[in-house]
Amino acid sequence: MTGVVVRLEKTAITPAGVPRQRFWLEHRSRQEEDGHPREVQVRLAVVLVGRKAELIQGLKEGQNVRVAGFLSRAGYKGEARDRVQLIAETLEPLD
């Protein structure tokens, strides 16, 4: 997925001592739906865990990036069960 970094959060440390870095990515594109063009956009939390958290160094708000990984729940209790986040495996700045 490609998009613009709209917000960087501070690095957090899990109870196990693992660094966890989260930022918010805004993706906008033009897609085709049922034969008709459609503008789509989504704002999604992207999480980098462990050594991958180092990939965010030098990243700035407003920067375009390409990120790949897998989708996961944001949590297991309450409202977080219904939110989705992208756990990043790769992160590539585009500018």
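Strands β4 and β6 pair in the parallel sense over 3 bridges. Here strands are DSSP runs of E with at least two residues, helices are runs of H or I with at least four residues, and both are numbered from the N terminus; two strands pair if DSSP finds at least two bridges between them. The model is predicted: local features need pLDDT of at least 70 and side-chain atom pairs count only at pLDDT 80 or more, whereas totals for chains, interfaces and linings use all residues. Residues are numbered from 1 along each chain as its sequence is written, and side-chain values use heavy atoms, with hydrogens and water left out.

**Strand pairing**

- Within the parallel pairing of β4 and β6, valine 46 has leucine 86 of β6 as its bridge partner.
- Strand β6 (residues 84-93) also pairs with β5, in the antiparallel sense and over 9 bridges.
- Two residue pairs illustrate β6 and its partners: leucine 91 in β6 is the bridge partner of valine 67, and glutamate 92 in β6 stands opposite arginine 66.
- Strand β5 (residues 64-73) is joined by 3 bridges to strand β1 (residues 2-8), and the two run antiparallel.
- Valine 4 has asparagine 64 of β5 as its bridge partner.

**Nonpolar core**

- The largest nonpolar core has 14 residues; such a core is a set of buried Ala, Val, Leu, Ile, Met, Phe, Trp, Tyr and Cys residues joined through side-chain atoms within 4.5 Å.
- Phe23, Val46, Leu48, Leu59, Val65, Val67 and Leu91 touch the most other members of this core.
- At least two residues of the core come from each of β3 (19-33), β4 (36-49), β5 and β6.
- In soluble globular proteins, nonpolar side chains tend to be buried together.
- Apart from neighbours within four places in sequence, valine 65 is in contact (heavy atoms within 4.5 Å) with several residues, among them Phe23, Leu25, Leu59 and Leu91.
- The contacts of valine 65 also include Met1, Thr2 and Gly3.

**Histidine 27**

- Histidine 27 lies in strand β3 and counts as buried because its relative accessibility is 16%, where buried means under 20% relative accessible area, exposed over 50% and partly exposed in between (1.4 Å probe, protein chains only).
- The side chain of histidine 27 reaches the backbone oxygen of threonine 2 at 2.8 Å.
- The side chains of histidine 27 and serine 29 are joined by a polar contact of 3.0 Å; a polar contact is a pair of N or O atoms within 3.5 Å, and within protein one must be able to donate a hydrogen and the other to accept it, while residues adjacent in sequence count only if both atoms are side-chain atoms.
- Not counting residues up to four places away in sequence, histidine 27 touches Met1, Thr2, Gly3, Val40, Gln41 and Val42.

**Arginine 38**

- Arginine 38 is found in strand β4 and counts as partly exposed because its relative accessibility is 42%.
- A polar contact of 3.3 Å links the side chains of arginine 38 and glutamate 33.
- Beyond residues up to four places away in sequence, arginine 38 touches Ser29, Arg30, Gln31 and Glu33.

**The chain as a whole**

- The protein chain has 0 helices and 6 strands.
- Of its 95 residues, 28% count as buried.
- Among contacts between residues at least 6 apart in sequence, 49% join residues at least 24 apart.
- Taken along the principal axes, the C-alpha atoms fill a box of roughly 50 × 35 × 20 Å.
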